[in-house]
Amino acid sequence: MAKIALITGATSGIGAASANTFAAEGYNLILIARRENLLDAQAQQLVEQHSIKVKKIQADVRDKENINYVLETLPAEWKNVDVLVNNAGLSQGLDPIDKGDTEDWDRMIDTNVKGLLYVTKVVSGWMVERKKGHIINIGSIAGKEVYPAGNVYCATKHAVDALNKGMRIDLLPHGIKVTAINPGMVETEFSIVRFKGDENRAKKVYDGLEPLIAQDIADAIWYVVSRPAHVNINDMLIMPTAQATGTIVKRN
Ligand code: NDP
Ligand code: 8X3
């Protein structure tokens, strides 16, 4: 029987590339994101190209009641999730702490931390029942260090780092693998979202250097998922060659 991967934030960037990779490996997919048109187009492409099954869930991971409802009402066969990729996330704004917008802070904390928790609570419960599964948490270099004006985004990714460790301890008795994938700069919609649609400012982030692409991270996810049963990759930090730390980069 085909394995199942559930990917949050599947309509763009790392989540979309991961969906393609898992589909190419023959996984059936549960895809969660808010933009229904993108979800529809992506599901159609994956089904046509890879002859897999896709369950689309148009939902906001911040909506606790709805996330519980849409997951708990899935048909039983879709609850046999082998891999959960907690990827939905965002940065909003890049301001010093005294200038930050509290709505941006709420959006980041609610999505990157609470949304991840709401999905994990339900899906890890299914994994505990089956005594198997693998949870991949998408953290960041921002979860390993703090950079100027990164304050709240960095705090959310440090929380993901802590949760990744906590999940591994709690789920150890049940044989469930837990891995953090921590990327540096990946050119996706991330910077466009961070700068609220300002595409010029977003482009400048990657000026004069070669950033990672979403597929680089999807490849890393597939690497950790495809290790033998006795091997767990706890944590992976992946940077463009042109990036040494969160802020030190080499531009041509
Ligand atoms: P994108 O903006 O390209 O993709 C983000 C995805 O998350 C989209 O599919 C979006 O879909 C979804 N999403 C956002 N908010 C919600 C929500 N409330 N509910 C459901 N889905 C949501 O960015 P990336 O692919 O780069 O980001 C993916 C993850 O990688 C994030 O956690 C990010 O923090 C992390 N990361 C990114 C790095 C980078 O440089 N790009 C570096 C390090 C980590 P929709 O809008 O349809 O809901
Ligand atoms: C995204 C990478 O360096 O912009 O998590 O924080 S960074």
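Me: How many cavities of 30 Å³ or more does the structure hold?
Reply: This is a predicted model, in which local features need pLDDT of at least 70, side-chain atom pairs count only at pLDDT 80 or more, and totals for chains, interfaces and linings use all residues. Residues are numbered from 1 along each chain as its sequence is written, chains are lettered from A and ligands numbered from 1 in the order in which they are written, and side-chain values use heavy atoms, with hydrogens and water left out. On a 1 Å grid over the protein atoms alone, a cavity is a set of points where a 1.4 Å probe fits but cannot get out, and lining residues have an atom within 4 Å of a point. With cavities of 30 Å³ or more, the count is 2.

Me: What is the volume of the largest cavity?
Reply: Its lining has 15 residues, with Q92, G93, W105, M108 and N151 nearest the centre of the largest cavity. A volume is the space filled by probe spheres set on the grid points, which are joined across faces, edges and corners. For the largest cavity that gives about 80 Å³.

Me: Which element gives the most to the lining of the second largest cavity?
Reply: The second largest cavity has a volume of about 30 Å³. Its lining consists of T8, V61, N86, N87, A88, T111, G115 and L116. Helices are DSSP runs (H or I, at least four residues), numbered from the N terminus. With 3 residues in the lining of the second largest cavity, the main contributor is α4.

Me: Where does ligand 2 sit?
Reply: The residues around ligand 2, with a heavy atom within 4 Å, are S140, I141, A142, Y147, Y153, F190 and R194. A pocket is an open set of grid points with protein on both sides within 12 Å along at least five of seven lines, and a molecule sits in one if more than half of its atoms lie within 2 Å of its grid points. By that test, ligand 2 sits in the largest pocket.

Me: How far is an oxygen atom of ligand 2 from an N or O atom in the side chain of R194?
Reply: A polar contact is a pair of N or O atoms within 3.5 Å. For the side chain of S140 the distance to an oxygen atom of ligand 2 is 2.5 Å, and for the side chain of Y153 it is 2.5 Å. For the side chain of R194 it is 3.4 Å.

Me: Which polar side-chain atom lies 2.7 Å from an oxygen atom of ligand 1?
Reply: A backbone N or O atom of I14 lies 2.8 Å from an oxygen atom of ligand 1. A polar backbone atom of E189 is 3.1 Å from an oxygen atom of ligand 1. The side-chain atom at 2.7 Å belongs to Y153.

Definitions and conventions
Polar contact = N/O pair within 3.5 Å; in protein donor to acceptor, adjacent residues only side chain to side chain. Helix = DSSP H or I, 4+ residues; strand = E, 2+ residues; numbered from the N terminus.
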